[in-house]
Amino acid sequence: LHKGVFMRNHVPHKAFATRRFRRGIGLLETLLALFIGGLIIAGIMLLFANANSGQNVNDTLTELGDVQGAVHSAYNGSNNYSTLTTQVLAQSGLLPKKWSSDNSTIINPFHGTLTLAPATINGGTDNAFSVTMASVPDSACSQLLTMDYGSGLLDHTVDGTDLGTAPGTPDQLQMCTSGNSNNHTFVWTYN
């Protein structure tokens, strides 16, 4: 063998290792890491949104129960709610401060308003009261629409559609996705 040919083809071990070490992370590896990180963040955000919506629905049920109890306490079992207004109940001190911080309005869990008014049922006069909740998003609408609100409920409507006392049916779920862009209005009537 010729000595010059051998030297040209021979790469010292140290130089080969150094060249390999300098290579670093390539573009493909970086993109893959960013993609996986994005998937993880998107999954976390989706889980948070679902949990937040579920919590707001639970808070709505709690708020309805508290409002119903506060009205009954304020009117001592009377069936005449002619003087009931949102401001009267907000100023009564019977509701938690998180729903009525300014003593004139009541805020619902979806950051809309909750309004109270006297209602008339079965030929009486102001013998019931209505609770109106505005700004209910689509995700909560379908959950609230199909719930059973118990025996104290006399009537409820969603976006002006009267549902009576029964929970909404699967056919009526289309109301929660038809053109209101996360701004539904629920009205519950109690005695």
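Where is the place of His156? His156 sits in strand 4, residues 153-158, and the sections below set that strand in the rest of the chain.

## Basis of the model

This is a predicted model, in which local features need pLDDT of at least 70, side-chain atom pairs count only at pLDDT 80 or more, and totals for chains, interfaces and linings use all residues. Residues are numbered from 1 along each chain as its sequence is written, and side-chain values use heavy atoms, with hydrogens and water left out.

## The chain as a whole

The chain has 5 helices and 6 strands. Helices (H or I, at least four residues) and strands (E, at least two) are DSSP runs, numbered from the N terminus. Starting at the N terminus, the elements follow the order α-α-α-α-β-β-β-α-β-β-β.

Of the 191 residues, 29% count as buried; buried means under 20% relative accessible area, exposed over 50%, and partly exposed in between (1.4 Å probe, protein chains only). Among contacts (heavy atoms within 4.5 Å) with a separation of 6 or more, residues 24 or more positions apart account for 60%.

The 6 strands form an open sheet with the order 1-2-3-6-4-5 and antiparallel pairing. Two strands pair if DSSP finds at least two bridges between them. Strand 1 and strand 5 (161-162) are the edge strands, each pairing on one side only.

Strand 2 and strand 3 are joined by 6 bridges in the antiparallel sense, and Ala119 stands opposite Ala128 in strand 3. Strand 3 also pairs with strand 6 over 6 bridges, again antiparallel; here Val136 is opposite His184 in strand 6. Strand 4 and strand 6 pair over 5 bridges in the antiparallel sense, with Val158 opposite Phe186 in strand 6.

## Helix 5

Which residues of helix 5 (residues 138-145) are buried? They are Ala140, Cys141, Leu144 and Leu145. Seen down the axis of helix 5, these buried residues fall within an arc of 130°, so they line one face of the helix. The arc is that of the directions from the helix axis to the C-beta atoms. An α-helix has 3.6 residues a turn, so residues three or four places apart point the same way.

## His156

His156 counts as buried because its relative accessibility is 1%. Its side chain reaches the backbone oxygen of Gly164 at 2.9 Å. Leaving out residues up to four places away in sequence, His156 touches several others, including Leu145, Tyr149, Leu163, Val187 and Trp188.

## Two loop residues with positive phi

Most residues other than glycine have a negative phi. His111, in the loop between strand 1 (106-107) and strand 2 (113-119), has a positive phi near 70°. His111 counts as exposed, at 72% relative accessibility.

Asp126 is not a glycine either, and has a positive phi of about 50°. Asp126 lies in the loop between strand 2 and strand 3 (128-136). With a relative accessible area of 21%, Asp126 is partly exposed.

Definitions and conventions:
A polar contact is a pair of N or O atoms within 3.5 Å; within protein, one must be able to donate a hydrogen and the other to accept it, and residues adjacent in sequence count only if both atoms are side-chain atoms.
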